[in-house]
Structures are given as C-alpha cells and as structure tokens.
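The sequence and the model come first.

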Amino acid sequence: MAKKNTVPSTLLNGLITENPTFTLMLGMCPTLGVTTAAMNGIGMGLATTFVLVCSNLFISLLRNIIPDKVRIPSYIIVIASFVTMVDLFMQAFLPDLRSALGSYIPLIVVNCIIFARAESFAAKNPPLLSLADGLGMGIGFTISITLLAAIRELFGTGTIFGAQVMPESYQPMGIMTQVPGGFITLGLMMILANAARKSIQKRRAARKEAAA
Amino acid sequence: MLKNLAITSSPHVRSSATTRRIMQDVCIALAPAGIASIVFFGGSAAMIIAISVITCVLTEFLYQKLMGSKITVSDWSAVVTGLLLAYNIPASAPLWIPVVGGVFAILIVKQLFGGIGSNFMNPALAARVMLFVSWSGIMTAYPNTRFMVDEGMDAISGATPLAGLAKAFAGTGAETASIGNLLLGNVPGVLGETCKIALLLGGAYLIVRQVIDWRIPACMIGTVAVLYLIFGGFNFELTVKELLSGGLILGAFFMATDYATSPQTPLGRIIFAVGCGLILFVIRFGEKTYPEGCSFAILFMNVCTPLIDRWTAPKYFGEVKKHG
C-alpha cells in the first residue's frame, strides 16, 4: 500500500475495505459454525476481537525480539494465552453463552484471522497501529457474523436475539439454522457485499474523472 | 452459381433437437402424471402445479430482466422445473410452499450458478430437499387419494406405501398397498410420484423420442431391484412393490436424466445411475429416519457428475497412456 497507515485508516480497513468475512474470507469455520443465533454471533465476535486486539498488541511489542525461525510457535503461545483468558472468563461469568459456543471458543487459537493479522500486520507495524488493526478487524468480523446470525435466526426460528419478530403464523424455515442455510446465506450476503463494493468503486472513479 | 455455395464451418448436419423442443417433449411426457394427480387429489393438486410453474417462469423472467441478460423463458426449461417441483409436493401443502420452492429452485440453484446448463444440481430436486428439510411436517403429510376416503380410512393417514413396506421387510407388519393400487396411483404420496402407469408412459415416450438415455432409468431401477432381491431374501412381490413406491420411477426417468447434471458418456451414465440406485437403497433400507432417499441419492450423484465425466472421458484416437 502506497498510502501511509494511520490509526483511522487502519481501523476502517478492517471494518470495510478488508473485511475479514466478506473480503479476506478468513475465519470461515466459526462464521458458519456458530451463526445460528444472533447472540452467538455477538459473543463469538467479541471474544475473537479481544484475542485479536491483545495478540496484535503483544506480537507487535515483541516483534523485534521474536526470532524469525520460531515466530509461529511464539505467536501461538501469545494467542493461546489470551484465548485461555477469554475461555475462563466466559466459563465464570457467561456460562450459557460459553456452552452454546462450545469448542469454538478454544478453537479461536487456530482462527486464521488472528494468525493472518499477526503475520501480515502486527509483525511489521508499531504497537498502536497493530492495536487499531486488531480492533478494526475484530469489529468488522463481529458485525459481519452477527448480521449473518441475525438473518439465519430470523428465518430459521422467527426471532432476533431471542425476541419474536415474525408473526405467530410464521413456519420457521428449518434449513436456515442448519449447515446448508449457513452456506447459502453467506453466499447471498457475499453477492450483496461485492455488488455494493463495485458500485462504490464505480462512483468513486466517476467522481475522480469529474474532478479531473 | 457461387452464391449458392454457402461456406460454413462444421458441423454441417444439424439436428432438429433444440432446447425448446426437448423441454416441450418433457412437458408432454409429464402431462399424464399431472392429469392423474388432479384426478386423485382434486383441485388442490391443480393449484399447486399451476402456482409452481408460474413461480418458476416468473422468477426466471424477473431475474433475467433485472440482470439485463438474455431472457430464456421461452425455452420451456423453467416450466419443466416448475412441473417437477409441483410433482414433489403433497396435495395438502399450503400454497406458499410451491412459491418458496420455485423461487429457490430457479433463483438460487439455477440462475445464480449461470442459468440453464450451468446448474450443478437438479433445481427441482434441490428445492424439494430444501422444503423437506425445512418443513418436513408439511412435506410428509400425505393425504389419501379421493378414492381411498370411500373405504373408510382417515383423511390424512401419513403412512406411505414405503413406510408399510419397510415394516414388511423387517417382518413386523404385513399391510402393504396392492401392486394394482401402486400402479394406478391410488396410494398416499406427493402429487407426481403416485400414478406409476402415467410416469412409465411418459418415460417410454421420452426414450422413444430419444430425449433421455434409457441407460439411466434402466440401471438405476435395476440396481435397486437387485439390491432388494439380495437383501430382502428374494421376495419378488415386495421388491416389485418397493420399485413402484415413492419417488424412484419419477426420479429415474425425469430427474436423474437431466442433461446439465448427469454425465455425458454412456459408461459415465451407467456409473451415475448405479450410484443413484445404491444410495437410494442404502437410505431406504438402512436409514430409519428417512423412508425415502431418491432425491438425496440423485443430488449426491449430481455433485459427482464432473468427476465421473473426467474418469470416463473418451481417449483421443492414437493417444498413448503416459507412464510415470
């Protein structure tokens, strides 16, 4: 990237330009696995965001100390420490959510968003920027999967965040809370995201032309 | 003189088989089963068929209009999808079922993957499975035919011939529909898979017109027959009943033979059809939660079709097998 990274641009990058779910297509396993209810989406997203922010910060701080050859094991140790913290915290204070998310919480250790950001961003950038990157990516991920989960919950059970939205006569579309529904909804959302991105780029190019 | 010599590149001999002609043939072949379903289930069957066809055609038209692509509604393929979808819905289903199914079949399974010829699954079958998984209560509430009510049975029994047969094979119940009733279609079931005579008539028409390859239905039904004979203790009567129950005949003649989702080569088609029969048997015979496996079997083999095509691709004349 020719432009110099600033904190706001880094934040925005994770939210929109390089949205982990719709642009980078990272972390597909939790994206498809836990998004059967909006609450799970938010819980998963926030847990991942916490780990992402902390691991980005610490890996960036340690980036000049970690020898290149053992960087992957070192990243895993940093990431796993924060995942353990989140896991224990959720078991203590949010046991229901923790049991709903099941093994997906310990599996944050191998979530490829976190690895990708550690390897491609935090290892090369100063701490403050890395923190902003983690926050942007984490919130981008949280918003995407919560939206996906809300749509699936709406059609699959007729509720959003557990509150009845559809009329009583609505017959829940069972496939939406099952695996195929996750794939179909994600695909359709990706179509919309790509179409939106294309139209924005077109408009921006037209504006540039008009200015020139 | 020279202007009479038209110079074109090959092929020089053109067949009259256009997509439109083929699809119209399929519609003609499906007509008897549709008429039979209206006779057996009454006006609600006609409504479901009409709504399903209209939804499919309209969805295709609107999508292509919105996308600004060529409108191919006149090739009749959406009509065939609509008919096949309707034949997979029980007559008691509410009318939004064919609407949801039709939009899913055309929009998601067919058009989003590139339209006719590019879909990787049979659209009508994929929609049937989607409806079945989502609203299994509605999709398996099979009403009795109009001629069965007279015999003093419940209006909605829910017990399909297949459920009875599964019990008969297991030796825990002997009450099965007679072969005559199965052939006529005087049994509970979805619209199109009840009247076997009408379906066989339509299938024969398609084979005579060379619209479909006889290998696919023959191998699929043959595989199921052989497996039932072997594992059912050579009980011929029950095996014949099993062949005439559920969606096997409809699936073998009209769904498994879909051009876009079945292999191109003769050997590939045999592998495909045997695979369909095998999976159908495994689900019907082994799996207790699903009494019918026809749609799952065909969809699974649909997905395998590109692989089968690659294995069975004919070798070029003179091609030498590469070593090492």
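In this predicted model, Arg269(B) and Asp213(B) are joined by a salt bridge through their side chains, N to O at 3.0 Å. A salt bridge here is a side-chain nitrogen of Lys or Arg within 4 Å of a carboxyl oxygen of Asp or Glu. The pair connects distant parts of the chain, 56 residues apart: Arg269(B) belongs to helix H14 (residues 266-286) of chain B, and Asp213(B) to the loop between H10 and H11 of chain B. Helices are DSSP runs of H or I with at least four residues, numbered from the N terminus.

Asp213(B) also forms a salt bridge with Arg215(B). Asp213(B) is buried at 12% relative accessible area, whereas Arg215(B) is partly exposed at 23%. Buried means under 20% relative accessible area, exposed over 50%, and partly exposed in between, with a 1.4 Å probe and protein chains only.

A further salt bridge pairs Asp25(B) with Arg209(B). Asp25(B) sits in helix H1 (residues 19-41) and Arg209(B) in the loop between helix H10 (196-208) and helix H11 (215-231), so this pair ties together parts of chain B that are 184 residues apart in sequence. Asp25(B) is buried, at 2% relative accessible area; Arg209(B) is partly exposed, at 38%.

| Salt bridge | N to O distance |
|---|---|
| Arg269(B) and Asp213(B) | 3.0 Å |
| Asp213(B) and Arg215(B) | 3.0 Å |
| Asp25(B) and Arg209(B) | 3.0 Å |

Over all chains, the structure holds 12 salt bridges.

Ser295(B) is part of helix H15 (residues 294-311) of chain B and is buried, with 5% relative accessibility. Neighbours within four places in sequence aside, Ser295(B) is in contact (heavy atoms within 4.5 Å) with Leu125(B), Arg128(B) and Val129(B).

Between the chains, 9 residues of chain A are in contact with 9 residues of chain B. The buried area, meaning the accessible area (1.4 Å probe) lost by two parts on being put together and summed over both, is about 730 Å², and carbon and sulfur atoms give 78% of that area. On the side of chain A, Gln171(A), Met173(A) and Ile175(A) lose the most area to chain B, together 53% of what that side buries.

Residues are numbered from 1 along each chain as its sequence is written, and chains are lettered from A in the order in which they are written. Local features need pLDDT of at least 70 and side-chain atom pairs 80 or more, while totals for chains, interfaces and linings use all residues; side-chain values use heavy atoms, without hydrogens and water.

Note on methods
Helices (H or I, at least four residues) and strands (E, at least two) are DSSP runs, numbered from the N terminus.
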